[in-house]
Amino acid sequence: RNKPMTNSVIIELRAGAGGDEAALFAADLCRMYTKFAEKQEWKVKILDNNVLQISGTNVYEYLKQEGGVHRVQRIPKTEKSGRIHTSTISVAILPQVEQKKFEIKPSDLRIDTFRSSGPGGQYVNKTESAVRITHLPTGLAVSSQNERSQLSNKENAMSILRARLYALKTEQEAQKLGQVRNAQIGTADRSEKIRTYNFPQDRITDHRIKKDWHNLEDILDGNLWPIIKKFQKIA
């Protein structure tokens with residue numbers, strides 16, 4: 001609680017088990033966090049596909065409990081027999097780190113450019129504006145293709161990489177001190193879940209605090225306060 005409040009976070013959402021349905025749910029949660037941020041009048045920037053940068057007062061304090069594996073149970077629109085599918089996505093909440101606080105050696109980076117496959121139509125695809133940066137010592141690779149200019153995409157990719165490397169460093173230091181904490185992004189296996197979104201029963205369950213909420217569609221529409229308030233009380 002005494003730590004300085006972080007005013008900018010990077011949220012990464014990755015589809016896990018469940019194929020196309022997991023990818024669709026990742027997009028749904030991306031929209032949920034975007035709408036929640038907009039309701040708080042926080043600034044939202046899309047860094048890449050399902051990667052957001054959110055800036056505002058106490059952002060990290062309010063969103064840190066969102067990190068982990070989220071499970072969804074619902075009947076996909078393409079499912080003819082009405083069978084409920086279970087899919088998972090993993091969410092990482094990374095405090096954004098300023099360049100001067102965490103330097104990365106340019107010699108440790110490999111930067112590749114490629115043609116964007118994202119939205120933006122013909123303009124985006126004419127030039128190699130998309131950027132992939134690989135951090136050679138760790139093998140971490142990030143990409144950004146949302147902006148029209150290569151320079152902007154490079155800046156976005158560096159922001160994601162810096163946040164990821166800082167989180168990795170913090171985790172390693174914590175483990176050295178004997179504080180073993182689970183990485184937010186695990187294997188995204190169905191069993192490693194922090195929260196389940198059960199559409200047929202209109203229920204969200206947070207397994208860490210054994211608490212249920214209804215009005216699932218309302219929460220997915222960005223009304224996250226009931227969940228956040230419950231975590232704030234516990235903290």
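Thr205 is found in strand S10, residues 203-206; strands (E, at least two residues) and helices (H or I, at least four) are DSSP runs numbered from the N terminus. The model is a predicted one, in which local features need pLDDT of at least 70 and side-chain atom pairs count only at pLDDT 80 or more, while totals for chains, interfaces and linings use all residues. Residues are numbered from 1 along each chain as its sequence is written, and side-chain values use heavy atoms, with hydrogens and water left out.

With a relative accessible area of 13%, Thr205 is buried (buried means under 20% relative accessible area, exposed over 50%, partly exposed in between, with a 1.4 Å probe and protein chains only). Leaving aside neighbours within four places in sequence, Thr205 is in contact with Ile194, Arg195, Thr196, Lys211 and Asp212, where contact means heavy atoms within 4.5 Å. The side chain of Thr205 makes polar contacts with the side chains of Asp212, at 2.8 Å, and Arg203, at 3.3 Å. A polar contact is a pair of N or O atoms within 3.5 Å; within protein, one must be able to donate a hydrogen and the other to accept it, and residues adjacent in sequence count only if both atoms are side-chain atoms.

## Aromatic pairs

Rings of Phe, Tyr and Trp (its six-membered ring) pair if their centres lie within 6.5 Å; planes under 30 degrees apart count as stacked, over 60 as edge-to-face and the rest as tilted. The count by this rule is five aromatic pairs. The ring centres of Phe36 and Trp225 are 5.4 Å apart and their planes stand at 70°, so this pair is edge-to-face. Because Phe36 lies in helix H1 (residues 19-39) and Trp225 in helix H6 (residues 225-234), the pair ties together parts that are 189 residues apart in sequence. Phe36 is buried at 1% relative accessibility, whereas Trp225 is partly exposed at 27%.

Trp42 and Tyr62 form a stacked pair, 6.2 Å centre to centre with 20° between the planes. Trp42 is buried, at 11%, and Tyr62 partly exposed, at 23%. Phe36, Trp42, Tyr62 and Trp225 form one aromatic cluster.

## Helix H1

The 21 residues of H1 should span 30 Å, and the end C-alpha atoms are 31 Å apart, which agrees; the expected span is 1.5 Å times one less than the number of residues. Buried residues of H1 include Glu21, Phe25, Leu29, Tyr33 and Phe36. Just after H1, Glu41 takes a positive phi of about 60°.
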